Amino acid sequence: MKKIVILDTSIGTGNKGDNMIVNSTKKALGSFLTENDTTYFPTHTVVFPWYQNFMNWRSDYVKNADYKFIFGTNLLKTNMRKMKPQWNINFFNCMALKNTILVGVGNSNNSRTGEMNQYTKRLWKKVLSQEYIHSVRDDSTKEMLESMGFKAINTGCPTLWGLDEKHCSQIPKEKAKEVVFCFHDENKAPETDQKFLDMLIKNYDKLYFWAQSVNDVKYLNTFKNIENIEIIPPSLEGYGYWLDTKNVDYVGMRLHGGIFAMQHKKRAIIVSVDHRAKNINKTNKINSIPRTELTQIEEKINTSFETKVFVDYDKINEWMSQFEGMKLFENKFENKGRIGC
């Protein structure tokens with residue numbers, strides 16, 4: 001039996017996209033986690049104060065684990081000196097986290113210069129595994145890691161791994177009469193977003209709003225023409241149940257809000273507002289259109305289209321094959337229940 005540590009990006013998060021990623025990854029790894037000694041630790045909060053790296057049995061447990069995995073999100077920053085990192089680590093509290101392996105992780109440029117500073121490079125080299133190949137969700141993250149001497153494979157985000165050909169064939173091609181949408185409070189464009197909202201009102205009989213992050217409803221309330229919009233339960237469980245009982249499209253600015261809709265067999269158009277959806281769309285073809293292209297979004301809404309997400313199961317299996325006991329995908333086109341949506 002292996003000792004496995006999961007550095008859980010869904011603990012203490014304000015963004016339910018993190019929960020979607022962790023849930024999908026846990027399903028994908030399946031029995032590898034449930035049949036071994038698996039323990040979860042947070043990433044958004046500090047795992048250990050610096051002194052507990054030397055005098056705490058939990059830090060010894062993490063330090064001596066057979067595998068340490070961290071699941072998804074845009075974790076890899078270019079400047080880890082800033083106060084709000086996705087992974088709350090620094091040179092003094094990360095000793096037990098050495099040799100961590102990335103699973104479906106993305107990157108984010110938070111440096112004024114656009115370049116990674118030396119402190120951040122040294123920190124990543126201190127905590128990330130040099131032995132194992134890392135799983136990343138786009139080519140940009142792969143290139144970032146390889147530039148620092150790490151090995152990486154673009155497996156796509158684990159939330160996509162269940163969207164195989166059989167699943168996607170069950171997603172409607174035709175426009176629904178109603179739509180669920182999301183705004184992105186962290187990436188505001190009030191004038192464009194008002195035009196986007198008015199365009200949805202024009203093209204659908206009924207609008208529903210789902211808040212993926214804590215301040216999304218507050219941002220919605222700054223717009224005109226919202227009187228007839230119904231706000232649906234903000235929880236992930238509530239959103240999933242609601243999708244299963246409604247005939248709707250998803251057209252929205254939250255990447256994982258749209259992927260979750262596709263997991264629940266809903267036609268989705270993901271409106272990209274930053275690099276995340278754009279980078280994933282390059283490889284995985286997730287029906288993403290930039291927010292600035294409102295005419296193109298409207299044309300897509302009123303066009304019949306197939307959902308054909310590309311998932312490279314050969315690359316996923318290449319990454320999985322490093323770990324003894326991790327079950328590979330037996331068939332590219334039928335996951336045979338390995339991942340539930």
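Select Arg 267 and Asp 249: they form a salt bridge, with the closest N and O atoms 3.1 Å apart. The two residues come from distant parts of the chain, 18 residues apart. Arg 267 sits in the loop between helix H11 (255-263) and S13, while Asp 249 belongs to strand S12. Both partners are buried. Keep in mind that this is a predicted model.

Select Arg 276 and Asp 274. Their salt bridge brings the closest N and O atoms to 2.6 Å. Arg 276 counts as buried, because its relative accessibility is 18% and the cut-off for buried is under 20%. Asp 274 has a relative accessible area of 22%, so this residue is partly exposed.

**Now a network.** In total, the structure holds 11 salt bridges.

**Move to Glu 230 and Lys 206.** Here the side chains meet in another salt bridge, at 3.9 Å from N to O. This pair also links distant parts of the chain, 24 residues apart. Find Glu 230 in strand S11 (residues 230-231) and Lys 206 in strand S10 (residues 206-209). Glu 230 is partly exposed, at 37% relative accessibility. Lys 206 is partly exposed too, with a relative accessible area of 24%.

**Turn to helix H13.** Select residues 294-301. Which residues of H13 are buried? They are Leu 294, Ile 297, Glu 298 and Ile 301. These four lie on the same side of H13, because they cover an arc of only 95 degrees around the axis. Look at the other side of H13 for Thr 295 and Glu 299, which are exposed.

**Last stop, the surface.** Select Trp 50, Tyr 51, Phe 54 and Phe 92. Together they make a nonpolar surface patch of about 540 Å². Zoom in on Phe 54, which lies in helix H3 (residues 52-55). Is Phe 54 buried or exposed? Phe 54 counts as exposed, because its relative accessibility is 58% and the cut-off for exposed is over 50%.

Conventions. Residues numbered from 1 in each chain as written. Predicted model: local features only at pLDDT ≥ 70, side-chain atom pairs only at ≥ 80, totals over all residues. Heavy atoms only, no water. Patch = residues over 30% accessible without salt bridge, like charges linked within 9 Å, V, L, I, M, F, W, Y side chains within 5 Å. Areas by Shrake-Rupley, 256 points an atom, 1.4 Å probe, with all protein chains shown as cover. Salt bridge = Lys/Arg side-chain N within 4 Å of Asp/Glu carboxyl O. Buried < 20%, exposed > 50% of the residue type's maximum accessible area, 1.4 Å probe, protein only. Arc of directions from axis to C-beta.
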